[in-house]
Amino acid sequence: MSEMPPLKVLVAPGELRVDLLELFESVPQLDILLAAPGLLPHPPVGHARIAIEPHEPLNVKAVDAHRRALLAALGAELDRLPQTPEWETRVRMWMEKLGRADARVLHYAAGPLFSRLVSRAETSVVPPAPLTKELLGRESGAELDVQLSGQAHARAREWFERHALVADDMTGDVRALLEASWAGSLCSGDDLYHKVLIEFFREMLDGDDESDQNPLLRVMTPFQTTAYHQARGILRRFGGVFLADVVGLGKTYIAMALLRHFQDEFDQQAVVVAPPAVCPTWTRLAEEHGVHLRTVSSGKLEELDQYSRREVLVLDESHNFRNPATRRYERLWQWLHPGGLPSQRKVLLLSATPQNNSARDVLQQLRLFPDNFVRLPFPGESLDKFFKAVEDRRESLTTVLQHVLVRRTRRFIQAQYPDAQMRVRDAEGHERLVPVRFPRRVSGPEQCLRYSIESTYGEGLYDTIMNVLAQMELPLYGLGGYVLEMHAQDPRIVGFRQAGQSLRGLFRVLLLKRLESSEAAFRISLERLRDRLVRASENLRSGFVRVGEEVDDDDEENVETMPSGMFHVDRLRNALHGELERVQSLLTELGKRPASESAKLQRLKNYLAARDPRRHRTLIFTQFTDTAAFLVDHLKGDFGQVEKVTGGSGSAAQILARRFAPRANPGKEEVPQDQQIDLLIATDAFSEGINLQDADTLINYDLHWNPVRLIQRAGRIDRLGSVNEEIHIASFLPERKLEASLGLEQVVRRRIQEFLAIFGEDSHVLPTEDAPNPEGAVDAYVGTAFDKAEQSDEMDGFGRHAERVLQLRDQNRSRFIRLKEMRPGRRAATASKLPGVVACRMAWHWAFWRMPSGGGELERLSDLEGLDLLHRHGRMRSVEPVQAMVASRELGAATEEARKRFAIQAQQVREQRLLPALDHQEEWLRATLDIYGERCSGERQQKVKEMVNWVLAGQYKTTLRRAISHWRKEQLRDEALFQQMLRMVRFPLRTEPLEYEETVGAVVGVLDSSSVVESNR
């Protein structure tokens, strides 16, 4: 008689947990019956109804939602399992068991089941829920359970079988889920690379709505459209974005498309703050594309009050708002934070040079982002501390910028979009598609216009000028040194006394720059200084002294009048008299030589004669209005139509731009040929945001101190859409007689050092942007400044990876969706000598770990290094099955080590984000609220506790610290402080998804007997 097969073990656990895989792994045959409601981390659709009608059938939608929720919960647990050999073996054993039908997973769909059951051959148990390893391991009596035997046991099995007969079989779904987990087969290196990219750039991808009907997308280039979608994702998360493509790639069009999106989708209107010369361009483009915006000149920020109801701010050339000590920054801050409250306006920052001098330039601009969105992703207690770590080279600025900045270089565009096209209008107004191209830039030593500065000023006069400048005391800008000691602490004195050395340095900078720029500019500066010295002497005789005068000639806003009795009158009188004599002596010498004899001017005329502006439309830049006027006077009549445009040109500036570059600045009517400008002389009011690419020649008339301005100027003609095959960028360089045979770099360094010697000790207190920069100056003249601005950087690297995932999404949608749905933690092995890499994440915080070949300690990589290494693996073929088994063991060990290390980092980031350290201002506020709360009771005491928790959360640090500083000056306490905090806590705290860490994927290189080859993907 044949032996009866053993009875199946029947389990009704309610929900599906990984514990079941361990508890029942030795059972030869098993049926698992699942039913709603179960205990699920995220109750699915329709389950709330069960609490009201617990015995009613479920509708189809609720049944399907429950089934998917069961699988999702099991998948999440599988993802978090330790990738040990034991668990890998266990999961694979279950795949086989489910495949052989030794185990079945059934889903009862007719209605809820609240019973739990574990039924073996002889007995059954009705356990408490949930059915876990911990539950079955507890002492007897810890939870109520019921042991069944005999008839009760038989009835329990009959109950199970009855429901199993009408249940749906989901064994295949569970088996597929196990196979798709990290313990399943290895995926390809390319699949893993793109899976990591999909997760890394998820915010950008989620912001890309394929149903977007934005009409501007039709006229934008492919790379501008990509930037638009990237920026949309960033704005949705942070409420702010940095558009930082290099000059000439169309940041204005990208911003305009974003404004049209806000207008059409959310009925939100924008105000644009821009340099005055750029405002008309914004207005024209807005009218052309149906965007209802308003513009405010960056010099007239008081007009912002007219637009207090507008929800979006665009800050064009945002690097001009990098200094919080300026009035313009403070005025903008107050508009963004009405009444000192957190900001709620979306902010678009546009700048090709967001970092002019230091990382703190970027910090001050990022602080303009709104407060009521997710905090910027940075490790550390506060944004200030993070940027301090950047300055100390302990952190990389890219850690933050990769999340909020869209930046591509021209080289990147040429490499990633070789076949891109753009729409242009012909002379008749018809649109046509043309290839995207950039002109070839001709600059560097061959375009350096060297001239003798000694010949410009006459034999011996230049040396005399330099000697006198070095001897100048500049008493008007160092009045603090003449204050009597008894008045040294007067509040009116302290400020300008501290600023004295800096002001002296700035005025020396001004004099030296104007000296090199033109005789006319230098002479006018000396005349103004002479007049001020005369006036100061007269004031002193009348018994008062004017303090607070700025280097800018017409700045009267902060000038105060003080009695002369507060000063050492005799010392000050002598200093003013001596300074006046020095200035007058220079003016006398300058008056002996007519300006038209300038060697510099003649060098310019020779260049223009060789490259005639009537054939090569030419733009000359100078820093000074006086030099521009001087050049117009001496160039008119010889080189076609000559005009100048300066900061004082007002509304005429846009007219001049159209006359000079009618193709780049189209209007309703064409500009007649006889009204077009051949040679335009401009100050730096025209160096930002103006399209002048009709020109093919640019001349920098002044000595370069810093390459940033050079790059901004060149961007006026070196732009997308230029019809010129090549553009020439020439720069003047002054040299001494004995330097004519020296190399270019030697002359540049000598000139900068000569100027630095004039500053003396004042050079140490100059603002960075005003200090002579020898290395930057050399870059500007030898041509490497442009190369450095265009060279690949970390953001370029991230851009390449972003383009690859966008290309996958656009060209292979089915594969993109498959990889997007692929479980995290998947592993790959490639036939290569490449070191392995493990990618871990917690929300926005990523860590990539390098697995050294041949073993050894894991090494932390930067995010870009990790993505680059994954990409290299992606180009390799996968290993054979034999090598895959070896790789699997190595991957498991490395992944677990990386997971442990990442867990420590993640906990530190979690603590810093949830309870960041308080500074002294915040500590004062907490202590003051604590004291006040102890004196309160009931509802008010509870409200004070909520305020303290709001402060401790640290989500509004920048705004709160500014407010606290004001409150302390006002000496607010108790009720007054309570009322101020009531206004603050109206802004809610936002939670960040920092609960879980996950391993996104891992790959290792395994060298087999076959040759290592890279695929052509």
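The text below takes up the nonpolar cores, then a helix, then the cysteines.

The model is predicted: local features need pLDDT of at least 70, side-chain atom pairs count only at pLDDT 80 or more, and totals for chains, interfaces and linings use all residues. Residues are numbered from 1 along each chain as its sequence is written, and side-chain values use heavy atoms, with hydrogens and water left out.

A nonpolar core is a set of buried Ala, Val, Leu, Ile, Met, Phe, Trp, Tyr and Cys residues joined through side-chain atoms within 4.5 Å. Buried means under 20% relative accessible area (1.4 Å probe, protein chains only). The largest such core has 127 residues, of which Trp282, Leu348, Phe686 and Phe848 touch the most other members. Helix α11 (residues 251-266) gives this core its largest share, seven residues. Helices are DSSP runs (H or I, at least four residues), numbered from the N terminus.

With neighbours within four places in sequence left aside, the contacts (heavy atoms within 4.5 Å) of Leu348 include Leu235, Phe262 and Val312.

In helix α37 (residues 974-984), Leu977, Phe978, Met981 and Met984 are buried. Seen down the axis, the buried residues of α37 fall within an arc of 110 degrees (from directions to the C-beta atoms), so they line one face of the helix. They pack against α34 (920-934), α35 (938-953) and α36 (957-969).

The whole structure has zero disulfides (pairs of cysteine sulfur atoms within 2.5 Å). The sulfur of Cys840 is 15 Å from the closest cysteine sulfur, in Cys187, too far for a bond.

| Residue | Relative accessible area |
|---|---|
| Cys279 | 9% |
| Cys840 | 1% |

How values were computed
Buried < 20%, exposed > 50% of the residue type's maximum accessible area, 1.4 Å probe, protein only. Helix = DSSP H or I, 4+ residues; strand = E, 2+ residues; numbered from the N terminus.
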